[in-house]
Amino acid sequence: MTKIKLFKKNDVFMMIECSGHSGYADYGKDIVCASISSIVQSCMLGITKTLRIKAKIIRRDNEGYIKLELPNDISKDLLEKAQLLIMVMKDSIEDLLSGYSNYISMEVIENVY
């Protein structure tokens, strides 16, 4: 199962963590895992490449693990734009969850910091 965690601080998404393989199908044929990966990576590329936010990223592809943490000193403007990207990612994963809930879990964790 792929586990996605979204961490919030003061009602603002500050960190994304995605771990595990979905187990829907064999490696290379797993459409659920590929969909999640595409959605999460697109969000992260939007944050780091398009918005040029210097986020902390930890990635271990062989384990199916990726984590992005927004910097605490991010400007209000960039933070708002990053929130939009994260909300699109969240909505996209919720859509996948509606059909593949045995292979994906997602939780929002409030005020972890």
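# A walk through a predicted chain

Let's start with charge: the mean positions of the chain's 15 positive and 15 negative charges lie 6 Å apart. Here Lys and Arg count as positive and Asp and Glu as negative, while His and the chain ends are not counted; the place of a charge is NZ of Lys, CZ of Arg, CG of Asp or CD of Glu.

A word on what you are looking at. This is a predicted model, in which local features need pLDDT of at least 70 and side-chain atom pairs count only at pLDDT 80 or more, while totals for chains, interfaces and linings use all residues. Residues are numbered from 1 along each chain as its sequence is written, and side-chain values use heavy atoms, with hydrogens and water left out.

Now for the overall fold. The chain holds two helices and five strands, and from the N terminus on they run β-β-α-β-β-α-β. Both kinds of element are DSSP runs numbered from the N terminus: helices are H or I with at least four residues, strands are E with at least two. The chain's radius of gyration is 14 Å, close to the 13 Å that the globule rule gives for 113 residues, so the chain is as compact as a globular protein of that length. This radius is taken over C-alpha atoms, and the rule is 2.2 Å times the number of residues to the power 0.38. Along its principal axes, the C-alpha trace spans about 40 × 25 × 20 Å.

Next, look inside. Of the 113 residues, 38% count as buried (under 20% relative accessible area; exposed is over 50%, partly exposed in between; 1.4 Å probe, protein chains only). The largest nonpolar core has 27 residues, and Ile16, Ile36, Val40, Ile47, Leu70 and Met89 have the most contacts inside it. Such a core is a set of buried Ala, Val, Leu, Ile, Met, Phe, Trp, Tyr and Cys residues joined through side-chain atoms within 4.5 Å. The largest share of this core, seven residues, comes from α1.

Leucine 70 is worth a visit. Leaving aside neighbours within four places in sequence, leucine 70 is in contact (heavy atoms within 4.5 Å) with residues including Phe13, Ile47, Ile53 and Ile86.

Finally, find leucine 97 in helix α2. At 21% relative accessibility, leucine 97 counts as partly exposed. Beyond its neighbours within four places in sequence, leucine 97 is in contact with Ile104, Ser105 and Met106. Leucine 97 and valine 32 are 65 residues apart in sequence and 9.7 Å apart in space, C-alpha to C-alpha.
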